[in-house]
Amino acid sequence: MLRIALVGCGFFAQNQLHGWEDLDGIEVVALCDRDRARLDAMGDAFRIARRYTDAAEMFADGGFDAVDIATTVSSHRALVEMAADAGLHVICQKPFAQTLTDARHMVEAVERAGKTLMVHENFRWQLPVRAVIEALRGGAIGTPFFGRVSFRSAYDVFSGQPYLAEGERFIIEDLGIHILDISRALFGDVDRITATTRRVNPRIRGEDVATMLLSHASGVTSVVDCSYATRRMPETFPETLIEIDGTGGVLRLDVGYRLTIQKDGGTESRDVSPPLLPWAEKPWHNIQESVAIIQRHFTECLRAGTQPETSGRDNLQTLALVEAAYRSAAEARSVDPGEL
Ligand code: NAD
Ligand code: 89V
């Protein structure tokens, strides 16, 4: 039995608790939130008796093997370092850290403790996205040379997550981070990125449109474009649309979770829609199911003694891309993420 403690009982955490409930050999034994009302609501809903408003107290009491950090980013470094000191495995929500320096310290702390650290970077684990990754890695269209990974929507994310409207940074830090990570999963690490950003919605503080051009070390050029200001029908939230051109054909993940591969003069098209889990609801079900998938990956890695694909160390590259995109937009130049 793997015993888990979860910190942060806010908007998203219920998905993580449902995901853990569905996995065999897992028990969430303790919950923490500094907001007593949220803590009790979540504790009652998931019948978890051990409840803390202070994470340090929870870590001191112990009795669990891993911690699932579902708080917003400003608390991540302190919580990850406390977990490392307590000798625990860690899953931490994205964005992993506020700065690359923080992130490097966090990765090193868990490595020193000899434990596993996975970032809850779940978009590359979505079933439709996974189908694209597997087709590409399986050589379905030969060697890729161009990709577009696109997320455009006008869905109101601010009512569920009001903090998204308040930060100086918005779409690259919160959503673009996922889409950049998908581009890395498909085409590998990036030598240069060029980005433009703008704010369309006057009621938020940060940027809600970002267009990024990536030169990958593999030779692929990809475009990663994100918008929360795109009023189109049908509204496609939260679908990531993907186009890839390869030496042997083309691949498209289109609206409605349809994957099409064209090669050798033929077209093969299939529905790769995610299932609607009993606790999930549309349109979030795609994201919700990827929570269950990434959690299963984490437990399999612990059992096998292997590193998660979205480990803390791997995520340093995604975070560097986020920073490089902001720097590129601010300085109107292309940026090598390696310079950060
Ligand atoms: P939220 O603000 O609704 O909830 C966060 C909770 O953490 C709050 O209840 C707060 O009281 C608690 N908290 C903060 N610091 C704490 C501390 N030091 N100790 C104890 N409790 C503390 O936020 P949310 O929308 O649930 O988002 C949480 C994280 O999940 C964010 O990092 C967000 O980016 C991420 N998120 C990820 C996805 C995804 O698909 N991966 C989707 C939505 C949100
Ligand atoms: O997945 C996320 O990180 C969410 C959202 C989809 C709204 O951007 O914050």
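Modeller: The largest nonpolar core has 92 residues, and Val-80, Val-90 and Ala-325 have the most contacts inside it. A nonpolar core is a set of buried Ala, Val, Leu, Ile, Met, Phe, Trp, Tyr and Cys residues joined through C-beta atoms within 7 Å. Helix α7 (residues 171–187) supplies the largest share of this core, 10 residues. At least three residues come from each of domain 1 (2–115) and domain 2 (124–283 + 309–339). This is a predicted model: local features need pLDDT of at least 70, side-chain atom pairs count only at pLDDT 80 or more, and totals for chains, interfaces and linings use all residues. Residues are numbered from 1 along each chain as its sequence is written, while chains are lettered from A and ligands numbered from 1 in the order in which they are written.

Biologist: Which residues are in contact with Ala-325, leaving aside its neighbours within four places in sequence?

Modeller: Two residues are in contact if their C-beta atoms, placed from the backbone, lie within 7 Å. For Ala-325 these are Ile-172, Gly-176, Ile-193, Ala-195, Ala-210 and Met-212.

Biologist: Why is helix α4 described as largely enclosed by the rest of the structure?

Modeller: A residue is buried if 20 or more other C-beta atoms lie within 10 Å of its own, exposed if 12 or fewer, and partly exposed in between, with C-beta atoms placed from the backbone. Helices are DSSP runs of H or I with at least four residues, and strands are runs of E with at least two, numbered from the N terminus. Seven of the 10 residues of α4 (residues 76–85) are buried, so the helix is largely enclosed. Among them are His-76, Arg-77 and Val-80. The cover over the buried residues includes β1 (2–7), α3 (55–61), β4 (66–69), β5 (89–93) and α5 (100–112).

Biologist: How many residues of each domain are in contact with the other?

Modeller: Domain bounds come from an automatic or database domain assignment. Here, 13 residues of domain 1 are in contact with 13 residues of domain 2. On the domain 1 side, α5 gives the most, six residues.
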